[in-house]
Amino acid sequence: MSKKRSRLNSTLNLKCPRCREGNMFIPVKSVSDLFEMPDNCPVCKTEYFIEVGFYWGAMFVAYALSSATTLGCFVLAFWGFEWSITASCVFFTVVVILISPYVFRLSRSIWASIFIKYDEHALQGSSD
Ligand SMILES: [Zn+2]
């Protein structure tokens with residue numbers, strides 16, 4: 001018996017927005033896998049690519065997440081740790097580069113969760 005995930009939990013854990021169980025991304029075995037995404041949910045078979053260019057909007061989400069991270073890191077380093085401007089800029093640059101694969105995936109997960117609605121019966125229909 002699986003426990004029902006919340007929308008926030010499934011989005012942050014990169015789960016299918018329809019069934020909240022299947023992974024939206026393949027496991028990472030190489031660097032090229034970081035940005036790979038299956039066409040359908042492995043559990044409920046929901047199509048992740050609703051239309052051509054569907055994930056272009058996720059770029060705006062990624063931009064917002066990266067900007068917030070950049071600002072947060074700069075504020076923390078410059079005023080929190082009282083580092084120099086150069087050190088603060090290097091700090092946020094390194095952090096943004098390191099988290100960029102997760103930001104890419106999270107932005108797509110957020111974007112998909114906006115347009116693909118949760119269906120509590122999605123798992124029951126997956127055995128067809
Ligand atoms: Zn699914």
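Is Met-59 buried, exposed or partly exposed? Met-59 has 13 C-beta neighbours inside 10 Å, so the residue counts as partly exposed; a buried residue would need 20 or more, and an exposed one 12 or fewer. Keep in mind that this is a predicted model.

**Met-59 and its helix**
- You'll find Met-59 in helix α2, which covers residues 58–80.
- Count along the sequence from Met-59 to Phe-81 and you get 22 residues. In space, C-alpha to C-alpha, Met-59 and Phe-81 sit 31 Å apart.

**Helix α3**
- Helix α3 takes in residues 85–115 and has a bend of about 55 degrees at Ser-100.
- Within four residues after that bend comes a proline, Pro-101.
- The buried residues of α3 are Ser-88, Phe-92, Phe-104, Leu-106, Ser-107, Arg-108, Ser-109, Trp-111, Ala-112 and Ser-113.
- Among what covers them are α1 (7–12) and α2 (58–80).

**The largest nonpolar core**
- This core has 11 residues in all: Cys-16, Cys-19, Met-24, Cys-41, Tyr-48, Ala-58, Ala-62, Phe-104, Trp-111, Ala-112 and Ala-122.
- Two helices, α2 and α3, are the elements that each give two or more residues to the core.
- The top contributor is α3, with three residues.

**A look at Trp-111**
- Trp-111 is one of the buried residues of α3 and also belongs to the largest nonpolar core.
- Setting aside neighbours within four places in sequence, Trp-111 is in contact with Tyr-55, Gly-57, Ala-58 and Val-61.

How values were computed: Residues are numbered from 1 along each chain as its sequence is written. This is a predicted model: local features need pLDDT of at least 70, side-chain atom pairs count only at pLDDT 80 or more; totals for chains, interfaces and linings use all residues. The bend at a residue is the angle between axes fitted to the seven residues ending there and the seven starting there. Two residues are in contact if their C-beta atoms, placed from the backbone, lie within 7 Å. A nonpolar core is a set of buried Ala, Val, Leu, Ile, Met, Phe, Trp, Tyr and Cys residues joined through C-beta atoms within 7 Å.
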